[in-house]
Amino acid sequence: MPAPSDARADAGHDADVIVVGAGPAGSAAALVAARAGKSVLLLERGPFPGSKNLFGGVVYGRVLDDLVPGWAEQAPIQRWVTRRQTMILTGEQALSIDYRNQKWGRPPYNGATTLRPDFDAWFAGLAEKDGATLVTSTVATGLLRDPVTGRITGVRTDRPDGDLSAPVVIAADGVNSFLAKEAGLYPNAGARHFTLGAKEVLSLPRGEIDARFGVRDREGVDIEILGGTGGIAGGGFVYTNLDTISVGVVLSLPDLAASRRRPEEIIAELKAHPAIHPLVEGGELVEYGAHLIPEGGYDAMPALVGDGMLVTGDAAAMCLAAGIWLEGVNFAIASGAAAGQTAVEALDAGDTSARGLAGYRRRLESSFVLADHKKLRRAPALVLGERTQQRYPDLICGIVEDMFTVTNPRPKRGLVAIARARMRGSGVTLRDLVRDGTAALRTFG
């Protein structure tokens, strides 16, 4: 076992803080705690940070402005997203809202595409430079507890040298956190709260990507898709890297199981859609992966604090991934940094009980992390509902089709008549529209 940093842990402990998982949340926690002079062990089950991670969206890096000044010049960014599309698909139709903002391509940047093995290795490296000890190829197989008080005092590992102890354990072990479950903090982890994200990475020449997506230099495009998932609740995405394109789907676990279909079949159908095929045609498959996503949002989060333990990032379900809404790395970094700071304060105060660590939740509630999740707590149910997933795409695309179809020699119908006729055929009632519109205003307003 590598020795912790020069800031030694209290007698009887291997470190002051053990962080399990070297993704963005874990590395942020380790970085903050190590900077404060605490000895930190950052455990990663893969051979290097990012080797086990999968990502299907955009990194919103402004959360790094204070934590890593000048991050935009250091981080391994592929492209800065200057064009964002929301696309609604039916069998042969597509309706897109296409927004472009050139300001997003220069400081202060809004969002970026990146490759997780590169980004996670870079971020964990920053924690190492500030004194954290990175221990790779190590699985935390369980928790250590004080036999008298029951307080968590470390983790069991699959390493030959075995158990590691610390006054504070930060669980950043990803979605469906086994450590949070073992600690009794995750009583509500049913399949309905998770989706499966699956993606392909396709290689294309950089100039070809620029031409197909209408960008140049380091400009990037992010397309979020409603529909195109074979009737399975979820969504799709396409986004550009420098010389690859990522295309994938986010699928409801219960719906996917009921369909008895493979996610790669759904991706193949999405790539064959007339609106998507010209963007990905000829791309050489260089990577395929699938990963669970915590989709339940605020109402599916575990308890965040236990005696001697904090839960952060995807392990705490801090991901906004409601079908066409994919946002998570920024929540992971912010929550991880808050966990690291809370651990430092609790260690300095000599109280790492749940009470001594309670400042973690207060920090998150006063930041965008829980404020945004609380505001959008109804988004998963709204976006993944049957009408939003199936009836509204058909209705909206049908109305637009009728508006732009020339019916000579018959006179054109008015928009109201078109909408009424399409609503009758779709099974959507005015009451549905009012109810769902009101819910959308409450959720996103």
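How many salt bridges does the structure hold? The count is 24. Before I go on, please keep in mind that this is a predicted model.

Let me pick out a few of those pairs, starting with D222 and R84. Their closest N and O atoms are 3.2 Å apart. Is D222 buried or exposed? D222 is buried, at 0% relative accessibility. R84, by contrast, is partly exposed, with a relative accessible area of 26%.

While we are in strand β3, have a look at Q78. The strand runs over residues 77–89, and Q78 is part of it. With a relative accessible area of 11%, Q78 is buried. What surrounds Q78 beyond its neighbours within four places in sequence? The contacts are T113, T114, L115, R218, N241 and L242. For L242 there is a polar contact to point at: a polar atom of the Q78 side chain lies 3.0 Å from the backbone nitrogen of L242.

Now over to helix α14, residues 386–404. E386 and R391 form a salt bridge, again with 3.2 Å between the closest N and O atoms. E386 is partly exposed at 40% relative accessible area, and R391 is partly exposed too, at 29%. A second salt bridge here joins R387 to D432, at 3.7 Å from N to O. R387 is in helix α14 and D432 is in helix α16, residues 430–444, so the pair links parts 45 residues apart in sequence. D432 is buried at 8%, whereas R387 is partly exposed at 21%. Through shared partners, R387, D432, R435 and D436 come together in one salt-bridge network.

Helix α14 also contains M403, which is partly exposed at 39% relative accessibility. Together with F404 and L415, M403 makes a nonpolar surface patch of about 340 Å².

Last stop, a sheet. Three strands form an open sheet in the order β7-β8-β9, paired antiparallel. Which strands stand at the edges? They are β7 (140–145) and β9 (164–165); each has a single partner strand, so one side of each has no neighbour in the sheet. Strand β8, residues 152–157, is joined to β9 by 2 bridges.

Note on methods. Residues numbered from 1 in each chain as written. Predicted model: local features only at pLDDT ≥ 70, side-chain atom pairs only at ≥ 80, totals over all residues. Heavy atoms only, no water. Patch = residues over 30% accessible without salt bridge, like charges linked within 9 Å, V, L, I, M, F, W, Y side chains within 5 Å. Areas by Shrake-Rupley, 256 points an atom, 1.4 Å probe, with all protein chains shown as cover. Salt bridge = Lys/Arg side-chain N within 4 Å of Asp/Glu carboxyl O. Helix = DSSP H or I, 4+ residues; strand = E, 2+ residues; numbered from the N terminus. Buried < 20%, exposed > 50% of the residue type's maximum accessible area, 1.4 Å probe, protein only. Polar contact = N/O pair within 3.5 Å; in protein donor to acceptor, adjacent residues only side chain to side chain. Contact = heavy atoms within 4.5 Å. Pairing = 2+ DSSP bridges.
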